[in-house]
Amino acid sequence: MSIPVQTCPCQINPSPDFTSSALAYQDCCQPYHDGLLNKETDKADCKNEYSAERLMRTRYSAFVLVIPEYIVKTTLPAQQSLLDIKAIEAWAKETDWAGLEIVAHTPKLGKRHAQVEFKAYFNSSDSTADNLQAHHELSAFVRVADKTTDKKSEHYENWYFLDPTVAMSVTQKQPCICGSGEKFKRCCGVYLP
Ligand SMILES: [Zn+2]
Ligand SMILES: [Zn+2]
């Protein structure tokens, strides 16, 4: 990455019409990364903007900065043990990241879901092709109650990424993997293959 150290990776956008001033890493994704990885850090620092889009941005930054633990911990808890942290780390390192563009954010879908459409840009190693390429994805997120946290806390509910690539043996009629108490097919099953 040839970005200025102080600029947060999620603030870098290769599109020419991007004009707003970029936030520094310490004012953007760093409090989220530190807050989740070191429990003693006060997560209250980052409560104002907590949303699925914010989570998406912090996950992108964690890929760029190669913090695979953050990627795992922000995935739905029931899926975490099925993730290959070494593969995530290798992919994050191998990719020559070039910026993030949030295409659309749907902050509320039903009772507890949200979707973020984004383009994660990277430079292709294939010199015959157009260098700048993008992963264009629509990601789903679910809000889950954190039972270890006080109900009055801002962080009683946390957003988690629903990873569509993780194969889980859950039937449509079983209780949902997010712990909502609803049937899977009426809850996260809508957003997972
Ligand atoms: Zn950021
Ligand atoms: Zn669910």
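Author: Let's start with a ground rule for strands: two of them count as paired if DSSP finds at least two bridges between them. Keep in mind that this is a predicted model. Strand β3 and strand β4 (residues 157-162) run antiparallel and are joined by six bridges. Across that pairing, F141 stands opposite F161 in β4. Strand β3 (residues 132-145) also pairs with strand β2 (residues 113-123), again in the antiparallel sense, over eleven bridges. There, Q115 has A140 in β3 as its bridge partner.

Now for the rings. A search of the whole structure turns up five aromatic pairs. One of them is Y60 with W97: the ring centres are 5.6 Å apart and the planes sit at 85°, so this pair is edge-to-face, the cut-off for that being over 60 degrees. Where do the two residues sit? Y60 belongs to helix α2 (residues 52-64) and W97 to strand β1 (residues 96-109), so their pairing ties together parts that are 37 residues apart in sequence.

Are these two buried or exposed? Buried means under 20% relative accessible area. Y60 comes out at 3%, so it counts as buried, and W97, at 4%, counts as buried as well.

W97 has another partner, W91: that aromatic pair is edge-to-face too, with 5.3 Å from centre to centre and 85° between the planes. W91 itself is partly exposed, because its relative accessible area is 35%.

Technical notes. Residues are numbered from 1 along each chain as its sequence is written. Chains are lettered from A and ligands numbered from 1 in the order in which they are written. This is a predicted model: local features need pLDDT of at least 70, side-chain atom pairs count only at pLDDT 80 or more; totals for chains, interfaces and linings use all residues. Side-chain values use heavy atoms; hydrogens and water are left out. Helices (H or I, at least four residues) and strands (E, at least two) are DSSP runs, numbered from the N terminus. Rings of Phe, Tyr and Trp (its six-membered ring) pair if their centres lie within 6.5 Å; planes under 30 degrees apart count as stacked, over 60 as edge-to-face and the rest as tilted. Buried means under 20% relative accessible area, exposed over 50%, partly exposed in between (1.4 Å probe, protein chains only).
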